[in-house]
Amino acid sequence: MNRNLYRQVSNGLARVFVYGTALAALIPLGLVLAYTVSKGLPSVENVDFFINSFRPIGIPGGGVAHALAGTVIMVGLASLLAVPVGILSGVYLVEYGRGRWGDLIRLASDVLVGAPSIAIGLFAYALLVAPFHHFSGISAAVALAVLMLPVVIRTTEGAIELIPGSLREAGLALGLARWRVALQLIVPAAAPGIVTGALLAVARAAGETAPLLFTAFGNQILNLDPSKPMAALPLLVFNYARQPYPQAQQQAWGAALVLVVLVLITNLTSRFVFRRQIALASKL
Amino acid sequence: MEGASPAKLEVSSLSFYYGRFRALKDISLDIPENRVTALIGPSGCGKTTLLRVFNRMYDLVSKARAEGSVRLDGMEVTETTRLLELRQKVGMVFQRPSPFPLSIYDNVAFAPRLLGWRRQQVAEAVETAITDAALWDEVKDRLKDPAASLSGGQQQRLSIARCLAVKPEVILMDEPCSALDPVATLKIEDLIDRLARQYTIVIVTHNMQQAARVADFTAFMLMDTDERYGQLIEFAPTTDLFNKPTDPRTEGYITGRFG
Ligand SMILES: Nc1ncnc2c1ncn2[C@@H]1O[C@H](COP(=O)(O)OP(=O)(O)OP(=O)(O)O)[C@@H](O)[C@H]1O
Ligand SMILES: [Mg+2]
C-alpha cells in the first residue's frame, strides 16, 4: 500500500519534470514566434512589402524586395559552393577517411562549426573585400559557404553511415570501382539525408548577420549583381531596428517575420526529408 | 556428373590473417570448373573468409592479408591488380539479398550501365540474367517496381540475376538460403543445379542436407582447437564425403557428434 503510494508520487513527479522541461524549451520558441508574428504581421499584410525596396522615411510603400533578393542570391551562391564540396568531402570521409587526412578534415570541420561567424566574415573581408576596395555579394556568399561547409560535410557523413555496409559490398562484388559505388550507389541511397544537411546549412546561412556586416554590407536599392554590395534580410533587420522611426522598426519586424518563416520552413522540410531517409535506410 | 573436370580455382598453401590472427592455415584444394562445390563446417571455421579470398572482398578489411596462392585460370588472385576484372569474373551472392534502392530492372541493369555497355547490350543482359535466375515470369510485368517490394526469395534470385548480368564465370554464395523459407530455398537449389552447367559455383552452407542436395564436391573445414585457425579437413566428391568419410572428424561432424 505504502509502496504503491510512493510509486505513484514518484511517477507523478517524474511526469511533472518531463512536462516542465519540455515547456521550458517550448516557451521561448513560442514567445519568439508569437511576438514576431504579432509585430510583423501588419507589415507583411501589404503586398508592397514584398515588391518594393527601400523608401525614405515618411514615404509609404517601402518594402524588403531588395533584401529578399539579396538573401536568396547570396545563400544560393553559397550553396553552389558549399554543397558539392561538402558532399564530396563527406563521401571522402566515409570511404577513404580512416587515416590522418580524414581525421584532419573531421577536426577542421568541427572547429569550423564552432568558429564565431563574425571571424569568418572578417576572413572573407580580408580575402575578397579589402583587396578589391569594395563590398560585394560574392564575398558574403564565400563567408556563408564557409559556414555551411562543415554542416554539409558532417550530415553527409552521417547520412552515408546510415547506409548498411552490405549495400557497398554488393556493389563492389559486381566489379564496380569504389568511387563509382560511392557516388552512384551510396550517395543516391543517402540522398534524403544529404538533402537534410544541405537544407540545415541553408537555414543556418539565411539567418546569419555577422558574416554579412563587412562583406555584403547592405544596399538600399534592388541589386541583382553579386559583384556589388547587396542587401539581405538579417542586415535589414539589424539596420532598421536601430532607427528611431516607428516606420523603420515596423519594417524590421516584418523582415524578421519573413526570415523566421523562411528558416522554419527550411528546417521543417529538412526534418521531413530526414524521416524519409531513416525509413528508407531501414529497408536496405 | 562428378566426372573429371579441370580446376577453375587452384588454391595452394593458402593462409589468411586478420592482423595477427591467423584465420586460415595451409589450405589447398582445386575447385572444379562448372561444378558446385560446397564449403561446410562449424561456425567460425573460416568458410566466409575463404570465400572472400576468391574475389578479394577482404581488401575492405584493414590489415587483412593472404599468403600462398589462389589461381583463377592462371591469374594469381591474391596478387592481381586487376581487381575489377577479377570481381566481374568472380561474382558473389550474399546471405542477405540487399537489393539496391532502385527498380527491379535497374537493379540488374546497374552494373552493366556503369560498365559502359551499350543500351541494347544492357537490355539483353538484363533479360537473360533475370530469366536465367528463374525470376522472369514472376517480375516481367512489374520490372519498374521497387526491388524492395519483392519477397525474400525473389530478392535473393534478383541478387543472383544482378550477379549473372555482368557475365561472371565463378559464383560465390555465402549461405544464400539461410534467411529463406523451405519453398524459396528449394527454388534457389533448383536454380543452382541449372546454373552449374555454365558456371563454377562455390557455396557456403550450414545445412548438410543442402550440401548433399546441390554440391558435386564438398569441402569440410574445422577450426583448430588450440590456435583457432581454420583448416581443410577433407575435400571429396559429395557422395564420398557423406558416405565414406576418410577422416574421423568429418564423420563426427556429419553424423552430428559436434559442430
Ligand atoms: N573482419 C574480421 N576481423 C577479424 N577477425 C575476423 C574477421 N572476420 C572473421 N574473423 C574471424 O575469422 C574466423 C573465421 O570467420 P568466418 O566468418 O570466416 O567463419 P565462418 O566459417 O564463415 O563462420 P559462420 O559459419 O559463423 O559464418 C573467426 O574466428 C572470426 O572471428
Ligand atoms: Mg560465414
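Where does Ser98(B) lie? Notes below, with the answer in point 3.

1. Ground rules. This is a predicted model, so local features need pLDDT of at least 70 and side-chain atom pairs count only at pLDDT 80 or more, while totals for chains, interfaces and linings use all residues. Residues are numbered from 1 along each chain as its sequence is written, and chains are lettered from A and ligands numbered from 1 in the order in which they are written.

2. Ser98(B). You'll find Ser98(B) in the loop between strand E6 (90-93) and helix H3 (104-114) of chain B. Its phi is positive, about 30°, although Ser98(B) is not a glycine. Ser98(B) is buried, with 20 other C-beta atoms within 10 Å (buried means 20 or more such atoms within 10 Å, exposed 12 or fewer, partly exposed in between, with C-beta atoms placed from the backbone).

3. Arg228(B). Here is another non-glycine with positive phi, near 65°. Arg228(B) sits in the loop between strands E9 (217-223) and E10 (230-237) of chain B, and is partly exposed, with 14 other C-beta atoms within 10 Å. For context, most residues other than glycine have a negative phi.

4. Chain contact. Chain A puts in 18 residues and chain B 20, contact being C-beta atoms, placed from the backbone, within 7 Å. On the chain A side, H7(A) gives the most, five residues.

Note on methods
Contact = placed C-beta atoms within 7 Å. Helix = DSSP H or I, 4+ residues; strand = E, 2+ residues; numbered from the N terminus.
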